[in-house]
Amino acid sequence: MYGHLKELARHNRSNPTEAESLLWLMVKGGRLGRNFKRQHVIGCFIVDFVCIETKLIVEIDGGYHSQPGQQANDAERTAWLESKGFKVIRFSNAEVMQNTTNVLQQIKENLK
């Protein structure tokens, strides 16, 4: 299963959404004083962005997350990641695209 997830993560990195591309430009290369990985496998999940050092996960919830039953899956996934010591923060596509300053500030605050 891990090999399949790695391949799917690689595919996702090659085909980012507009919001993922924008957020990656804001956090890549240690721009916030910490290194992030994108579309990274943790356990049986692929997370959008993660700072391993601070155990911060940043998720972008697009249209897929509004599908029936997906919110329950997201809550279960978040609970599992938090049980492993990660902190998960979520933003919608619209938040990332329309309020990048606020998104960036929230990420910075959670890196501490």
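Modeller: This is a predicted model. Let us begin with Gln39, which, leaving aside its neighbours within four places in sequence, is in contact with Ala9, Asn12, Arg13, Glu20, Ile46, Val47 and Asp48.

Biologist: In which strand is the place of Gln39, and is the residue buried or exposed?

Modeller: The relative accessible area of Gln39 is 6%. Buried means under 20%, so Gln39 is buried. As for its place, Gln39 is in strand β1.

Biologist: With which side chain does the side chain of Glu20 make a polar contact?

Modeller: Glu20 is in helix α2, residues 18–27. Not counting residues up to four places away in sequence, Glu20 touches Asn15, Gln39, Asp48, Phe49 and Ile60. The polar contact, at 3.3 Å, joins the side chain of Glu20 to that of Gln39.

Biologist: How far from Glu20 is the nearest side chain of opposite charge?

Modeller: Side chains of opposite charge can pair when their charged atoms come close. Glu20, however, is buried yet has no salt bridge. The nearest side chain of opposite charge is that of Arg38, at a distance of 6.5 Å.

Biologist: Within what arc do the buried residues of α2 fall, seen down the axis?

Modeller: The buried residues of α2 are Ala19, Glu20, Leu23, Trp24, Met26 and Val27. They line one face of the helix, because seen down its axis they fall within an arc of 160 degrees.

Biologist: Against which elements do the buried residues of α2 pack, and which residue with positive phi follows the helix?

Modeller: The buried residues of α2 pack against the strands β1 (37–42), β2 (45–51) and β3 (56–61), and against the helices α4 (93–98) and α5 (100–110). Following α2 is a residue whose phi is positive, near 65 degrees: Gly29.

Biologist: How many salt bridges are there, and which residue pairs with Arg77?

Modeller: The count of salt bridges comes to four. One of them links distant parts of the chain, with Arg77 in helix α3 (residues 70–83) and its partner in strand β3, 18 residues apart. The closest N and O atoms are 2.5 Å apart, and the partner is Glu59.

Biologist: What distance separates the C-alpha atoms of Ile89 and Leu56?

Modeller: Ile89 is in strand β4, residues 87–92, and is buried, with a relative accessible area of 11%. Its contacts beyond four places in sequence include Leu56, Ile57, Val58 and Glu59. Although Ile89 and Leu56 are 33 residues apart along the chain, their C-alpha atoms are separated by 7.7 Å.

Biologist: What radius of gyration does the chain have?

Modeller: The elements run α-α-β-β-β-α-β-α-α from the N terminus on. A compact globule of 112 residues would have a radius of gyration near 13 Å. The chain agrees with this, having a radius of gyration of 13 Å.

Methods. Residues are numbered from 1 along each chain as its sequence is written. This is a predicted model: local features need pLDDT of at least 70, side-chain atom pairs count only at pLDDT 80 or more; totals for chains, interfaces and linings use all residues. Side-chain values use heavy atoms; hydrogens and water are left out. Helices (H or I, at least four residues) and strands (E, at least two) are DSSP runs, numbered from the N terminus. Buried means under 20% relative accessible area, exposed over 50%, partly exposed in between (1.4 Å probe, protein chains only). Lys and Arg count as positive and Asp and Glu as negative; His and the chain ends are not counted. A polar contact is a pair of N or O atoms within 3.5 Å; within protein, one must be able to donate a hydrogen and the other to accept it, and residues adjacent in sequence count only if both atoms are side-chain atoms. Contact means heavy atoms within 4.5 Å. The arc is that of the directions from the helix axis to the C-beta atoms. The radius of gyration is taken over C-alpha atoms; the globule rule is 2.2 Å times the number of residues to the power 0.38.
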